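Dear colleague,

I am passing on the structure that we talked about, and I would be glad if you opened it before reading my notes. The notes follow below it.

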Amino acid sequence: MSKFDPYQHLSIRPNPDGTITRLTNFPSTEANPDIIPGIPTVSKDVTVNEETKVWARIFRPNKLPSNDNTVVRLPIVFYFHGGGFTLFSVSNITTHQPCSTIASETPAIVVAVEHRLAPEHRLPTQYEDAIDTILWVKKQVLDPQGERWLRDYGDFTRCYLGGRGSGGNIAFHAAIKAADHDIKPLNINGIFLNQPMFGGKERLPSELKYATDQLIPLPVLDLLWELALPKATDRDHRYCNPMQDAVYKSKVSSLGRCLVISFDMDPMFDRVQAFVQMLVAEKVQVDARFDIVGFHNIDIVDTQRAQAILNIIKEFII
């Protein structure tokens with residue numbers, strides 16, 4: 001792959017100042033705060049941090065379950081989109097739609113986090129944005145004038161963090177970092193990682209086997225980590241390869257339940273397996289769902305697989 005250009009593959013252009021120009025405008029949709037026939041949820045955009053410009057899109061099912069005419073409070077799901085830390089937005093249809101579906105079918109209140117992107121903002125910025133959003137939700141549930149959808153309908157004792165790809169990585173690291181903050185009365189019941197993004201310097205068999213993967217060949221994965229990791233670090237940094245950091249591994253036991261989903265034809269499949277083995281060794285309650293047929297982001301192009309993954313996530317949350 002000597003002539004392969006990972007920048008062109010990602011449709012980005014590097015700039016002299018270390019930023020990138022994103023050359024593709026991905027299909028997006030506006031939030032719909034009012035009920036629209038045929039759409040099972042309402043959604044709204046809220047500012048989380050005015051200084052950093054971090055915001056979130058909140059989803060709420062139109063039909064709120066009730067018990068004896070009392071609205072049943074719903075779990076709160078913090079969702080982090082994929083894109084290798086460098087691309088995409090919660091407003092993109094590929095994130096908006098699954099968040100809407102999770103909200104309507106679970107049902108749940110979904111808080112999709114619009115974190116800052118690398119390389120303009122390198123890790124751990126994305127983890128910090130996740131923590132900022134968790135603390136913002138805490139403020140809303142404690143404030144009598146706080147965001148009504150969260151305050152009136154959210155069950156802050158049942159919070160979950162989750163995401164796809166790099167979003168799964170963010171969910172994991174945010175859950176670790178949340179243990180260092182006072183988030184009460186919020187309680188993180190578990191995390192769900194859909195095809196999470198991890199890496200390392202040493203090539204694993206699945207990376208070599210699928211080095212020329214059509215979606216995320218090895219040069220693309222390497223570039224994404226190069227753009228996202230702190231400068232002067234490598235792919236064995238704990239943000240990329242938590243399995244290599246003994247001190248960081250010791251914090252893993254603080255996690256609650258963990259759902260991990262991966263597919264055999266994903267170049268990162270062996271990374272995910274090693275990650276699960278680390279969780280088990282640290283006595284984390286893990287539900288690993290590995291499928292021998294499938295590739296990275298199969299749920300974006302295969303509606304049946306998307307529904308199957310949603311059903312697994314629903315079972316985990318309920």
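At what angle do helix α3 and helix α5 pack, and how far apart are their axes? Before the answer, please keep in mind that this is a predicted model, in which local features need pLDDT of at least 70 and side-chain atom pairs count only at pLDDT 80 or more, while totals for chains, interfaces and linings use all residues. Residues are numbered from 1 along each chain as its sequence is written, and side-chain values use heavy atoms, with hydrogens and water left out.

Two packed helices are described by the angle between their axes and the distance between the axes. Helix α3 (residues 125-142) packs against helix α5 (residues 166-178) at an angle of about 60°, and their axes lie 9 Å apart. Here helices are DSSP runs of H or I with at least four residues, strands are runs of E with at least two, and both are numbered from the N terminus; the axes are lines fitted to C-alpha atoms, for helices over the stretch in contact, with angles running from 0 to 180 degrees between N-to-C directions. From α3, the residues Gln126, Tyr127, Ala130 and Ile131 meet Asn169, Ile170, His173, Ala174, Lys177 and Ala178 of α5, where contact means heavy atoms within 4.5 Å.

Turning to charged pairs, a search of the whole structure finds 17 salt bridges, a salt bridge being a side-chain nitrogen of Lys or Arg within 4 Å of a carboxyl oxygen of Asp or Glu. One of them joins the side chains of Arg116 and Asp129, at 2.7 Å from N to O. This pair links distant parts of the chain, since Arg116 is in the loop between β8 (109-114) and α3, whereas Asp129 is in helix α3, 13 residues apart. Asp129 is buried, with a relative accessible area of 0% (buried means under 20%, exposed over 50% and partly exposed in between, with a 1.4 Å probe and protein chains only).

Another salt bridge is formed by Asp152 with Arg151, their closest N and O atoms being 3.2 Å apart. Asp152 is partly exposed at 27% relative accessibility, and Arg151 is partly exposed at 21%. Both belong to a network of salt bridges that links Arg148, Arg151 and Asp152.

Finally, Ser262 lies in strand β11 (residues 257-263) and counts as buried, at 0% relative accessibility. Leaving aside residues up to four places away in sequence, Ser262 touches Gln195, Phe269, Val272, Arg289, Phe290 and Asp291.
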